[in-house]
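Biologist: Can you walk me through this one? I'd like to start with the helices.

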Amino acid sequence: MKAIHLDANASRVVMVEEKNSVLLQFKGNHLWGAGEHFDRVEFLSHPRKNEVEEVFTRQGVHTYLPQPLFLSDEYAFLVQSDRVFTIESQGNEDGIQLALKGDFSADDALVIASGTPKETLGKLLSYLGGVVLPPAWVFGEWASANRWRSEQDVLEALEAARLHGFPISVLVVEAWSDESTFYTFGEEQGLWPDPKQLVQKLNEQGVHFMLWQCPVFKALEAGRRDARHEQDLSYIQEHSLAVLNKDGTPYTIPEGHWFAGSMVPDFTNPETREWWFSKRKYLLDMGVSGFKTDGGECILSDEVRFHDGSTGKEMRNRYPQSYIEAYQEFIGPERITFSRAGYLGAQGSMLFWAGDQLSQWSELQAVLKAGLSAAISGIFWWGFDIGGFAGPLPSGELYLRGYELGSLVPVMQWHSEPVGGQFSEVMKSEELINDRSPWHMAQKHGAEVLSITRRYSTMRKDLRWYLVREAEASRETLQPMMRPMFYEFGSTYSDIYDQYLLGSSLLVAPILEEGQRTRTVILPDGHWYDLFTGMTISGPCTIEREYPIGQIGIFINVQDSEFNRLKDSLAGLC
């Protein structure tokens with residue numbers, strides 16, 4: 001593996017190659033990053049596996065979105081490899097000893113930069129070509145539910161949002177297609193009488209309409225027939241548009257995984273892309289704003305073959321990114337993708353979310369770690385499903401604490417699986433509707449839910465100018481919108497991962513535990529306006545604050561040039 005030093009000091013890292021491993025020795029006390037991780041932000045002495053994996057809820061040490069990019073106190077590293085490998089590390093008297101263990105190829109490289117974490121992340125992202133800025137409308141509120149299966153469902157949801165005072169900017173519809181081809185609106189009588197007119201109507205109301213996708217040629221359920229689907233499969237096999245086994249037969253997703261038995265489109269093949277997107281071009285013509293590019297964690301054999309010569313060794317990680325990039329080439333820069341899986345190159349993609357979590361407190365704590373670790377790995381535009389996605393509905397307290405946090409990350413979205421979802425037999429809902437909309441949660445838990453969530457949704461709308469400003473600055477400076485304390489203020493804060501900066505001027509300290517009403521807040525150097533007390537506090541200092549349900553720690557940097565506007569945008573929470 002060749003070494004690429006981005007500056008003179010980077011050559012101070014000692015690098016020794018052995019069979020199936022690269023050993024590094026360098027000065028430092030911490031390791032951060034390596035992609036979106038749910039178990040911890042700092043991972044010194046905790047192995048990290050660089051592998052895209054499909055793990056439904058309780059992700060633990062697994063990830064949909066690894067990045068072979070990680071930071072230390074004085075150095076940062078980018079492993080330019082698509083292969084699965086493990087990072088093993090330990091501290092010693094000389095700093096950190098680290099081993100990259102895997103079956104690397106001769107073309108793989110290790111890029112090293114020196115400086116503070118802020119400096120080195122910027123250097124590595126610049127080396128990779130920077131980040132792509134999404135359109136301003138993505139920073140509004142997103143609404144999503146798998147249970148919307150018709151035009152009537154969509155219009156009823158938007159009417160409920162209007163009546164209850166929720167300014168929805170983006171609507172994500174998953175169950176829109178015929179569930180066979182995934183490119184045709186469901187044709188059951190009356191479900192989608194005029195999709196084009198529906199999309200145009202929503203666009204006129206300022207609501208951006210997005211449709212779900214998954215990279216499979218679906219294996220239909222036993223006994224089910226669909227003539228168009230059969231014609232497609234025949235054409236796909238005749239023209240070798242799918243990923244192939246070593247013997248030339250189509251690879252199919254193994255049992256025990258999502259869409260088992262389905263073939264997988266080979267997006268390295270130009271003919272596949274042409275055929276696939278020719279079936280979907282009419283969706284752009286009718287005005288959809290992008291696609292929820294779900295899945296992609298489906299290459300589970302090292303032996304499979306791709307049109308460009310790649311094998312499963314490279315494409316286990318690369319496949320979801322090639323899938324996203326194919327969609328982005330198709331849709332152009334004015335539309336977006338919204339994905340859960342990806343790999344190196346994701347910093348040049350659009351938006352990501354944390355995948356599937358249960359409605360549990362431990363999962364709320366995990367997604368904050370995931371957001372922070374993703375951010376310092378170059379994944380800037382990120383969010384999570386407020387209140388969780390699967391299983392029994394959250395308690396009112398959990399939902400509201402999730403809503404508070406979810407309104408103060410780059411992408412704000414609530415979503416839920418349907419009753420009868422993929423894990424419904426083992427994670428049953430006690431209701432016939434798993435809807436996690438604010439108004440449905442208020443029906444279950446009381447009117448307070450509606451009044452509090454409305455305040456946070458209105459705040460999000462009022463704060464959008466700041467989010468857009470900070471997103472533009474993030475693109476220019478190559479600094480994330482969500483920033484752990486150590487990243488902005490130094491290693492003195494390296495043990496604090498339950499508060500963060502959102503942009504340059506908002507410090508957010510959420511409540512993440514059941515029954516918690518007070519918490520410690522660590523304020524760094526500077527002058528900070530405490531939103532809920534109206535006090536300005538000079539840091540560095542440690543304070544204790546009470547946060548009843550409906551309040552989250554928010555502190556504004558008084559030195560912000562638009563401090564008064566920022567304070568006014570948040571005033572509705574008080």
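Modeller: A definition to begin: axes are lines fitted to C-alpha atoms, for helices over the stretch in contact, and angles run from 0 to 180 degrees between N-to-C directions. Helices (H or I, at least four residues) and strands (E, at least two) are DSSP runs, numbered from the N terminus. This is a predicted model: local features need pLDDT of at least 70, side-chain atom pairs count only at pLDDT 80 or more, and totals for chains, interfaces and linings use all residues. Residues are numbered from 1 along each chain as its sequence is written, and side-chain values use heavy atoms, leaving out hydrogens and water.

Biologist: At what angle do the axes of α8 and α9 cross?

Modeller: Roughly 10°. The axes of α8 (residues 361-375) and α9 (residues 396-406) come within 10 Å. That makes α8 roughly parallel to α9 (angles under 35 degrees count as that).

Biologist: Which residues make the contact?

Modeller: From α8, Trp361, Leu364 and Leu368; from α9, Glu397, Leu398, Arg401, Gly402 and Leu405. Contact means heavy atoms within 4.5 Å.

Biologist: Now strands. Is β4 buried or exposed?

Modeller: Buried (under 20% relative accessible area, 1.4 Å probe, protein chains only). 5 of the 5 residues of β4 (residues 31-35) are buried, so the rest of the structure largely encloses this strand.

Biologist: How many bridges join β4 to β6?

Modeller: 4, and the two strands run antiparallel. Gly35 has Pro66 in β6 as its bridge partner.

Biologist: What is the strand order in the open sheet?

Modeller: The order is β2-β3-β9-β8-β5, with antiparallel pairing. Two strands pair if DSSP finds at least two bridges between them. β2 (14-18) and β5 (48-50) are the edges.

Conventions:
Buried < 20%, exposed > 50% of the residue type's maximum accessible area, 1.4 Å probe, protein only. Parallel < 35°, antiparallel > 145°, perpendicular 65-115°, else oblique.
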